[in-house]
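Q: I'd like to learn how to read helix packing and pockets in a model like this one. Can you walk me through it?

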Amino acid sequence: MSGLSPPSITRLSIHTDPATVAQRRRRSPSILKVEHVDSSNEETLDQAAYANINAEWVNRKGAWMIHLVLIATGKVIIDTIPGMTQNLSWTAVNLTYLACSYLMFHWVTGIPFDNELHGGAYDDLTLWEQIDGGAQNTPSRKWLFSVPVVLFLLSTHYTNYNPWLFAVNLSALIFTLVPKLPMAHRQRLRILPEEQPSGMATPITPLSGTSTPPDYFRAAPEIRVTEAQFR
């Protein structure tokens, strides 16, 4: 009998293909997704280390009155535009205030200065979520909630209850007040969210053909079987 040669070895390659991982990250079947923003223990300690001057100004003297001053100033400036009517003027004032309020309190996250003092603990929180340490129904929150409502009532009255302008002002008011509700605290509405992959893709791909056996196979001694061994 001829000598037995080691069988051919087919190597198995274990690799992670970035294209495969990208293909596995697909869109979530839901169009809208609500996510809750949590803070770790380290972030909670960093938030309590120093006073958050980005949010404490809402409780300072004159902070409430500045809203009325800005609204009155905006109304005077808009009225100076040639051809401006009272219907359009009050609607423009209302929409401008609501847009600035939403952008400032509910869109921008983090703090613009002295962020290193808190170790980035507020990076995922809006200004509204930072006010009073996240406590609900505080005097400052009630004031900031009531100002858009009163301005909406004034704009509705001075636009002579025009149904089209009423619909526009009401839609903007709802869009601005919903993030202020306690049930919306630290909630994020994601549109067309991406579905996170279940795990790292590690496909096992056999290589075609016969490859060179590893060193420990080549180092094994050759085994010969002769007819004399069976007598």
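Q: How do I read the packing of helix α4 and helix α7, and at what angle do they pack?
A: Two packed helices are described by the angle between their axes and the distance between the axes. Here, helix α4 (residues 86-107) and helix α7 (residues 163-177) have axes 10 Å apart, at an angle of about 15 degrees. Axes are lines fitted to C-alpha atoms, for helices over the stretch in contact, and angles run from 0 to 180 degrees between N-to-C directions. Helices (H or I, at least four residues) and strands (E, at least two) are DSSP runs, numbered from the N terminus. So α4 and α7 are roughly parallel to each other (under 35 degrees is roughly parallel, over 145 roughly antiparallel, 65 to 115 roughly perpendicular, the rest oblique).

Q: Before we go on, what kind of model is it?
A: It's a predicted model: local features need pLDDT of at least 70, side-chain atom pairs count only at pLDDT 80 or more, and totals for chains, interfaces and linings use all residues. Residues are numbered from 1 along each chain as its sequence is written, and side-chain values use heavy atoms, with hydrogens and water left out.

Q: In which hand does α4 pass α7, and which residues make the contact?
A: The crossing is left-handed, meaning the near helix is turned anticlockwise from the far one by less than a right angle (clockwise would be right-handed). On the α4 side, the contact (heavy atoms within 4.5 Å) includes Asn87, Thr91, Leu95 and Tyr102; on the α7 side, Leu165, Val168 and Phe175 are among the residues. By class, this contact has eight nonpolar, seven polar and no charged residues. For the classes, Ala, Val, Leu, Ile, Met, Phe, Trp, Tyr, Cys and Pro count as nonpolar, Asp, Glu, Lys and Arg as charged, and the others, Gly among them, as polar.

Q: How are α4 and helix α6 arranged: parallel or antiparallel?
A: α6 covers residues 139-158, and its axis lies 8 Å from that of α4, at an angle of about 165 degrees. The two are therefore roughly antiparallel, and α4 passes α6 in a left-handed crossing. Trp90, Val93 and Phe105 are among the α4 residues in this contact, and Leu144, Phe152 and Tyr158 are among those of α6.

Q: What about α3 and α6, at what angle do they pack?
A: About 25 degrees, with axes 11 Å apart, so α3 and α6 are roughly parallel. Their crossing is right-handed.

Q: Now pockets: what is the volume of the largest pocket?
A: Rolling a probe the size of a water molecule over the atoms shows where empty space is left. The largest pocket has a volume of about 620 Å³. Of its 21 lining residues, Tyr102, Pro179, Gln187, Arg188 and Leu189 lie nearest its centre. β3 (187-191) supplies the largest share of that lining, five residues. The lining splits into twelve nonpolar, five polar and four charged residues.

Q: And which residues are closest to the centre of the second largest pocket?
A: This pocket has a volume of about 290 Å³. Among its 16 lining residues, Leu70, Ile71, Thr96, Tyr97 and Cys100 are the closest to its centre. The largest share of the lining, eight residues, comes from α4.

Q: What counts as a pocket?
A: On a 1 Å grid over the protein atoms alone, a pocket is an open set of points where a 1.4 Å probe fits, with protein on both sides within 12 Å along at least five of seven lines; lining residues have an atom within 4 Å of a point. Grid points are joined across faces, edges and corners, and a volume is the space filled by probe spheres set on the points.
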